[in-house]
Amino acid sequence: MTALMQRADLVAAMAAVDRDREPIVAQWREATEIPAPSGHEAKRAAYVEALLRSYGLTDVHRDAVGNVMGTRRGSGGGKHVVFDAHLDTVFALETDVKTRIENGKIYAPGVGDNTRNVIAMLAMIRAMNDARVVTNGDITF
């Protein structure tokens, strides 16, 4: 693991995440403010689907129950890895999901109800693209 984390491309990817903190937080707030109670997450799904396409993933689609996925292709020969997070929240459709930042923390219903992990995955894709990280296997998000 130590050797892996010293690879120049991975060092650059981690630096990209650090450098892009403010855009990541802005995207986190934007996604959180899209109401997504269970059964009503289509608008948030469309938001994520558009981003996956813009990041150059392949086979971007929604399945029959609304899951959004896309694949970042590897160079070949490696295992296929999947990272996942859920789009929906437990809050009613009429819940005010406006975010606010206080003392460096983001507050809103659903901000951590896996919206955080959706945004972490999106940040990971951007960082890997920015640093031109090449994986052996495909990665599906």
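**View 1. Lining of the second largest cavity in the predicted model.** Five nonpolar, no polar and two charged residues make up the lining of the second largest cavity, in a structure that is a predicted model. The residues concerned are A16, V17, D20, I24, A123, R126 and A127, and the space that they surround amounts to about 40 Å³. Helices α2 and α5 each supply at least two residues of this lining, and α5 gives the most, with three residues.

**View 2. Helix α5 and its buried residues.** Helix α5 runs over residues 115-130, and its 16 residues reach 22 Å from the first C-alpha to the last, close to the 22 Å expected at 1.5 Å a residue. Its buried residues are T115, V118, I119, M121, L122, A123, I125, A127 and M128. Just after α5, the backbone at R132 takes a positive phi of about 55°.

**View 3. Lining of the largest cavity.** A count of cavities of 30 Å³ or more comes to two, and the largest of them has a volume of about 70 Å³. Its lining comprises 14 residues, of which P35, A36, T89, F91 and V97 are the closest to the centre of the cavity. By residue class, the lining of the largest cavity divides into nine nonpolar, four polar and one charged, whereas that of the second largest cavity has five nonpolar, no polar and two charged residues.

**View 4. The salt bridge between E49 and R53 in helix α4.** The side chains of E49 and R53 meet in a salt bridge, with a distance of 2.9 Å from N to O. Because the two residues lie four apart in helix α4, E49 and R53 are separated by about one helical turn.

**View 5. The salt bridge between D9 and R7.** Side chains of opposite charge can pair when their charged atoms come close. Here D9 forms a salt bridge with R7, and the closest N and O atoms of the pair are 2.6 Å apart. D9 counts as buried because its relative accessibility of 18% is under the 20% that sets the limit for this class. R7, by contrast, has a relative accessibility of 34% and counts as partly exposed.

**View 6. The salt bridge between E22 and R21.** The side chains of E22 and R21 also meet in a salt bridge, at 3.1 Å from N to O. E22 counts as exposed because its relative accessibility of 54% is over the 50% required for that class, whereas R21, with a relative accessible area of 46%, is partly exposed. A search of the whole structure finds nine salt bridges, among them this contact between E22 and R21.

Technical notes: Residues are numbered from 1 along each chain as its sequence is written. This is a predicted model: local features need pLDDT of at least 70, side-chain atom pairs count only at pLDDT 80 or more; totals for chains, interfaces and linings use all residues. Side-chain values use heavy atoms; hydrogens and water are left out. The expected span of a helix is 1.5 Å times one less than its number of residues. Buried means under 20% relative accessible area, exposed over 50%, partly exposed in between (1.4 Å probe, protein chains only). A salt bridge is a side-chain nitrogen of Lys or Arg within 4 Å of a carboxyl oxygen of Asp or Glu. On a 1 Å grid over the protein atoms alone, a cavity is a set of points where a 1.4 Å probe fits but cannot get out, and a pocket is an open set with protein on both sides within 12 Å along at least five of seven lines; lining residues have an atom within 4 Å of a point. Grid points are joined across faces, edges and corners, and a volume is the space filled by probe spheres set on the points. Ala, Val, Leu, Ile, Met, Phe, Trp, Tyr, Cys and Pro count as nonpolar, Asp, Glu, Lys and Arg as charged, and the others, Gly among them, as polar.
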